[in-house]
Amino acid sequence: MTDNSQTNTLQHPEAWDLVVGIDEQRLDYIAHLPGQDGTLIQGCVPLAAHATSPLQAVEDAVYDTPLLLNDFRQVRVLLRPPRFLVLPAETTPADAARLLATVYPEWSGECTVAHLKQCQVALALETPRGLLPFVQRTFSYPVVSHPLHGLCEHCHTLCRDDGEGTSRMFVNMGKQVMDLAVFSHGQPQLINSFPCPNTDDALYYALHVWQTLGLDQQADELQLSGDTERCAALAAKLRQFINFVMPASLPAAALRLGRDATQAPLELLLMALCES
């Protein structure tokens with residue numbers, strides 16, 4: 001991945017947008033100037049394994065990357081907690097916290113809720129204690145959500161004109177995780193994320209969801225994006241069971257952000273294109 005972390009300052013940062021992705025191992029980011037092609041800045045900062053706590057590792061990564069401390073027009077932060085729920089759009093933060101505690105009695109974090117406008121659902125995320133306050137005091141009015149956010153909104157746009165009986169599965173492969181969304185006649189049917197350290201795990205989850213939702217092996221399609229090697233390995237196995245397995249196309253608007261857009265994490269690019 002291209003690392004432009006040495007670009008510390010921006011001219012008129014208040015006109016720029018920032019998307020940050022944080023997981024257990026790394027912090028990825030992209031910044032761009034909306035309405036102006038070819039302005040993409042991207043970078044990746046590994047989280048220090050020797051930090052005193054996971055929160056300290058994130059804090060160090062942010063403070064060691066001065067670009068992130070600019071006063072941006074809009075900041076979106078994508079977190080990947082092990083526990084989250086997909087809920088009706090009208091769910092309040094208090095109800096979301098109650099439901100998280102009901103489904104996951106062992107949860108000990110803090111709850112935040114993100115709303116997917118196109119899909120008309122809410123994502124309730126359990127965030128580690130201290131992380132959400134750090135994000136909120138470090139960035140100006142950040143929108144906090146899950147990596148599935150941009151993927152699902154983009155897929156909804158692709159599927160909104162699908163006729164009745166048409167279904168599509170979208171799979172985005174990371175190094176250790178698989179994000180998955182299924183849309184039937186334009187509406188989301190399932191949104192989830194699975195730990196997938198190897199190809200067989202990803203194959204199991206994809207086929208299990210396919211069978212559970214009753215998708216048609218001969219007529220419905222599965223689109224793959226993300227880590228190139230993992231997608232190729234998974235596609236080869238999926239084609240033994242599903243007729244239409246194909247690579248997902250990067251939106252033209254994402255390609256216009258900059259020539260290195262194809263090297264940036266897809267979930268960050270798609271989040272950057274979401275409506276405010």
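Predicted model: local features only at pLDDT ≥ 70, side-chain atom pairs only at ≥ 80, totals over all residues.
Stop 1: Select β1, β2, β3, β4 and β8. These five strands form an open sheet. Read across it in the order β3-β2-β1-β4-β8. The pairing is mixed. Strands of a sheet pair through backbone hydrogen bonds, either parallel or antiparallel.

**Stop 2: the edges.** Which strands sit at the edges? Colour residues 41-46, strand β3, and residues 143-145, strand β8. Each of these edge strands pairs on one side only. Now look along the sheet. Its neighbouring strands are turned against each other by 15° on average, with direction ignored.

**Stop 3: β2 against β3.** Select residues 26-32, which make up β2. This strand runs antiparallel to β3, and six bridges join the pair. Pick out I30 and look across to β3. What is its bridge partner there? It is Q42.

**Stop 4: H12.** Go to the segment before β1 (17-22) and select H12. Check its backbone: phi is positive, about 55°, yet H12 is not a glycine. Is H12 buried or exposed? With a relative accessible area of 55%, H12 counts as exposed, because the cut-off is over 50%.

**Stop 5: H185.** Move to the loop between β10 (177-184) and β11 (187-195), where H185 lies. Here too a residue other than glycine has a positive phi, near 35°. The relative accessible area of H185 is 40%, so H185 is partly exposed.

Technical notes
Residues numbered from 1 in each chain as written. Heavy atoms only, no water. Helix = DSSP H or I, 4+ residues; strand = E, 2+ residues; numbered from the N terminus. Buried < 20%, exposed > 50% of the residue type's maximum accessible area, 1.4 Å probe, protein only. Pairing = 2+ DSSP bridges. Axes fitted to C-alpha atoms, helices over the stretch in contact; angles between N-to-C directions.
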